Amino acid sequence: ERRSSSLQHKSALFSCVTGHKQMSSHESWSLSPEEYETWDRLYRIKESDGIQEPVLPWIQFETLENLEETPKHKEGAARELSLSEWSLWQSRPFPTSLVDHSERCHHFISVMEMMEQLRQEQGDCSYERQLQPHLRLEDVNVPRSRRHVSVASPT
Amino acid sequence: QRLQAAVHYTVGCLCEAVEEDKGVQFSKQSIAAISEITFRQCEIFAKDLEMFARHAKRSTINTEDVKLLARRSSSLLKYITQRSEELASSNMEQKEKKKKKSSAAKGEKTPREQEAAVTESEDSNMS
């Protein structure tokens, strides 16, 4: 029952924040006692909620030594937010509200779209076929050991 | 497209090195996808670098701008900084050896650094 009441309270709270009453006690950076009470009651995740604390994935470089400390979470207590679970949904732009999609985001969408197409292919790769005629060997570093690779002869 | 082909070729070589190293196989499609990502990432890098340089009221992109590209990961930043120091010292040696080439060395530094950054992004994409 707490869930549904949360939703109702949330909209009430927003109007309350934009209203006048809240402003007076808002001199410090931290929450006022009333704000703390509201947060504790409506938003704070507690054990009784039966849901796991959301955490963002931590970056790791496979090819470099990692300097970052991986933050420790209690086993099973945290739910790592996935950036790849819904990849099938990502080959088109999602709706926006106030912030537009960045160029970087559009690149991501296009690449997801491209991968969706490549996924259907078996064996021969259309991307390769398309680019092969444009390769000039003077543009690339040809490593002595693997001069034969990748430039599969266009058949 | 000629550029894309060169990127694709180079990505193929790098992937091959990883294949040998890790004992895994890349499908041609995944190599194509990495190439396309790399190609597009270059566009993002290029624009960011230009902005960083302009923010510092420069028109020439230097190694400090490149380091900014790597700011989000301290591992990556450390790696790039090391490489940049290596490059700087080898550039110094070269300058001392061939003083007549000193004008060319400076202009050459930027694209080479950029390439280093790009190679890095490929590495991360591959992982």
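Figure 1. Helices here are DSSP runs of H or I with at least four residues, strands are runs of E with at least two, and both are numbered from the N terminus. The expected span is 1.5 Å times one less than the number of residues in the helix. Look for H107(A), I109(A), V111(A), M112(A), M114(A) and L118(A), which are buried in α3(A); buried means under 20% relative accessible area, exposed over 50%, and partly exposed in between (1.4 Å probe, protein chains only). What do the buried residues of α3(A) pack against? Their partners are α4 (126-131) of chain A together with α2 (28-55) of chain B.

A word on reading all the views: this is a predicted model in which local features need pLDDT of at least 70, side-chain atom pairs count only at pLDDT 80 or more, and totals for chains, interfaces and linings use all residues. Residues are numbered from 1 along each chain as its sequence is written, chains are lettered from A and ligands numbered from 1 in the order in which they are written, and side-chain values use heavy atoms, with hydrogens and water left out.

Figure 2. R119(A) and E116(A) form a salt bridge, their closest N and O atoms being 3.2 Å apart. A salt bridge is a side-chain nitrogen of Lys or Arg within 4 Å of a carboxyl oxygen of Asp or Glu. Because R119(A) and E116(A) are three residues apart in helix α3 of chain A, about one helical turn separates them. R119(A) is exposed, with a relative accessible area of 53%, whereas E116(A) is partly exposed at 23%.

**Figure 3. F94(A) and a nonpolar surface patch.** F94(A) sits in the loop between β2 (78-80) and α3 (103-119) of chain A. With a relative accessible area of 39%, F94(A) is partly exposed. Together with W86(A), L88(A) and W89(A), F94(A) forms a nonpolar patch on the surface, with about 450 Å² of accessible area for the group. Patches are made of residues with over 30% relative accessible area and no salt bridge; like charges are joined within 9 Å, and nonpolar side chains (Val, Leu, Ile, Met, Phe, Trp, Tyr) within 5 Å. Accessible areas come from the Shrake-Rupley method with a 1.4 Å probe, and for residues only the protein chains shown count as cover. Which residues does F94(A) contact, leaving aside its neighbours within four places in sequence? They are W89(A) and H101(A), where contact means heavy atoms within 4.5 Å. F94(A) and I109(A) are 15 residues apart along the chain, and their C-alpha atoms are separated by 9.6 Å.

**Figure 4. Where chain B meets chain A.** Here 37 residues of chain B are in contact with 40 residues of chain A. The two chains bury about 3500 Å² between them, and carbon and sulfur atoms give 59% of this area; buried area is the accessible area (1.4 Å probe) that two parts lose on being put together, summed over both. R2(B), Y9(B) and Q29(B) supply 21% of the area that chain B buries against chain A, more than any other three residues. Four salt bridges are counted between chain B and chain A. For one to zoom in on, the side chains of R2(B) and D139(A) meet in a salt bridge at 2.7 Å, N to O.

Figure 5. K47(B) forms a salt bridge with E103(A), with the closest N and O atoms 2.3 Å apart. This pair crosses between chains, from helix α2 of chain B to helix α3 of chain A. K47(B) is partly exposed at 38% relative accessible area, and E103(A) is partly exposed at 43%. K47(B) also forms a salt bridge with E43(B), where the closest N and O atoms are 3.5 Å apart. Both K47(B) and E43(B) lie in helix α2 of chain B, four residues apart, about one turn of the helix. E43(B) is partly exposed, with a relative accessible area of 34%.

Figure 6. Helix α4 (residues 74-97) of chain B has 24 residues and reaches 34 Å from its first C-alpha to its last, close to the 34 Å expected at 1.5 Å a residue. Buried residues in α4(B) include S75(B), L76(B), I80(B), S84(B), L87(B) and N91(B). In the loop between α2 and α3 (63-69) of chain B you will find K57(B). Phi of K57(B) is near 60°, a positive value in a residue other than glycine. Is K57(B) buried or exposed? At 77% relative accessibility, K57(B) counts as exposed.
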